[in-house]
Amino acid sequence: MTDLAAAMMVRGRRARVASRTLALAGPAARTAAIRAMAEAIQASSDALLRANADDVARAQTKGLDAALIDRMTLDTARVGAMAQAVAAIADIPDPLGAELARWTRPNGLDIARVRTPIGVLAVIYESRPNVTADAAALAVRAGNAVILRGGSECLASNLAIHACVAEGLTSVGLDPDAVQLVETTNRDAVGLILSGLDGAVDLIIPRGGRSLVERVKAEARAPVLGHLEGVNHVYVHPSAATDTARAVVLNAKMRRVSVCGAAETLLVDASADPALLCDLGAALTQAGCTLRADAAARAILTNAEPATEADWSSEYLRPILAIRTVDGLDGALAHIARYGTGHTEAIVATDTEVIERFLNEVDAGIVLANASTQFADGGEFGFGGEIGISTDRLHARGPVGAEQLTTFKYIVRGEGQIRP
């Protein structure tokens, strides 16, 4: 066994021990630890910004993608938002011990389904240093230990944030091994995590690009919770109010183009007033968005580039929007069923029958009516924060907050019953 493999196995064993003590610590201790993490992050703002500036400078020198650099960059506002997100997680109800259901059988057995921790999580992520804080706080809120492996491009930032997390845990007497950060940039560490660390890891959560998620799903020897891409659509129905459509589409695409909840394709009904698409195109162009459209849409949007087949399945994470005309709601549903990734889909309309059909028939983790796809965020759902958006159908789907990082057990109380 190599030195790295041995060190990673030790991490797994330490995490397993810490997960047990954390689960039994009680909600007050977990709350105090998370609150202390938030305070440490805010107090260490200058140190975090210095560490992040070093990471960003190295990324720029290496010529890394502009969207990636945007995702990894911290400023005073983002550090403050990170601290606030952690504090919000401290304020949400502790999920452990909650009774999900309870019933009594004819034989007198009292059966309860009770929420419990998963155990040890491993989160493998890229680019976003705030994931270090969010994942740590959510794991602790749910009573799980977590092993974090961030991208090498953000190592200095992640180390600085993890120091705040460790400070928060130790300040209230909790085991700092409950949240461990893998410091090495050696990619073999990822493979070792995917092996499950000799059974220590109960759930692996990837957060990053397609290549990372595909590798995790292909090689993991523990359950995986994650998503591939956010190819998200906004369908504008002929009944849509122009002002609402403009506001929703512009925000869905351009509020922040590098997040997985950003809209990547605009579907416009072929029977809609051409002035509606003209208005949307002008607003997007003015905001700096490049348009790639089919022939019907280009007849209205003369500045749009021709769209190719590849555009319908592209997650740009840039100020680029694909535009396609569709034949009614059925056409929109068919397009989404073929090209959507099950992440987030939206409709803009006033026709309530059309809205309800869209909400009921679209198969995605998040489906919105008359609201921006950028609400695909655990904080916006009231979860305090999220580890990511799951496009899986089992265990958890949509924003993954503390509640989604738990499982359950059955507690059965009897009075001497035996089974005949």
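Two residues touch, in the sense used on this tour, when heavy atoms lie within 4.5 Å. The model on screen is predicted.

**Stop 1: Ala 139**

Select Ala 139, which is found in helix H6. Leaving aside residues up to four places away in sequence, Ala 139 touches Leu 121, Asn 144, Val 146 and Leu 405. Is Ala 139 buried or exposed? Its relative accessible area is 0%, and under 20% counts as buried, so Ala 139 is buried.

**Stop 2**

Two packed helices are described by the angle between their axes and the distance between the axes.

Show the side chains where the two helices meet. H5 brings Met 82, Ala 85, Val 86, Ile 89 and Ala 90 to the contact, while Asn 130, Ala 133, Asp 134, Ala 137, Leu 138 and Arg 141 come from H6. By class, the residues of this contact are 8 nonpolar, 1 polar and 2 charged.

**Stop 3: the largest pocket**

Select Arg 128, Asn 130, Arg 207, Arg 256 and Val 259, the lining residues that lie nearest the centre of the largest pocket. In total 46 residues line the largest pocket, and its space amounts to about 1200 Å³. Helix H4 (66-72), H5 and H6 are the elements that give two or more residues to this lining. Which element gives the most to the lining? H5 does, with 7 residues. The lining of the largest pocket has 16 nonpolar, 14 polar and 16 charged residues.

**Stop 4: the second largest pocket**

Next select Glu 126, Arg 149, Ser 152, Glu 153 and Arg 187, which lie nearest the centre of the second largest pocket. The volume of the second largest pocket is about 540 Å³, and 22 residues line it. Two or more lining residues come from each of helix H3 (45-61), H4, strand E3 (120-125) and helix H9 (210-219). The classes in this lining are 8 nonpolar, 6 polar and 8 charged.

**Stop 5: two positive phi angles**

Most residues other than glycine have a negative phi. Select Ser 127, in the loop between E3 and H6. Ser 127 is not a glycine, yet has a positive phi of about 70°. Ser 127 is buried, with a relative accessible area of 4%.

Then go to Asp 198, in the loop between helix H8 (188-194) and strand E6 (203-207). Asp 198 is not a glycine either, and its phi is positive, at about 55°. The relative accessibility of Asp 198 is 69%, which counts as exposed.

**Stop 6: Leu 100**

Finish at Leu 100 in strand E1 (residues 99-104). Leu 100 counts as partly exposed, at 34% relative accessibility. Its contacts, not counting residues up to four places away in sequence, are Arg 113, Arg 115 and Phe 408. Select Val 114 as well: Leu 100 and Val 114 are 14 residues apart in sequence, and 5.7 Å apart in space from C-alpha to C-alpha.

Key:
Residues are numbered from 1 along each chain as its sequence is written. This is a predicted model: local features need pLDDT of at least 70, side-chain atom pairs count only at pLDDT 80 or more; totals for chains, interfaces and linings use all residues. Side-chain values use heavy atoms; hydrogens and water are left out. Helices (H or I, at least four residues) and strands (E, at least two) are DSSP runs, numbered from the N terminus. Ala, Val, Leu, Ile, Met, Phe, Trp, Tyr, Cys and Pro count as nonpolar, Asp, Glu, Lys and Arg as charged, and the others, Gly among them, as polar. On a 1 Å grid over the protein atoms alone, a cavity is a set of points where a 1.4 Å probe fits but cannot get out, and a pocket is an open set with protein on both sides within 12 Å along at least five of seven lines; lining residues have an atom within 4 Å of a point. Grid points are joined across faces, edges and corners, and a volume is the space filled by probe spheres set on the points. Buried means under 20% relative accessible area, exposed over 50%, partly exposed in between (1.4 Å probe, protein chains only).
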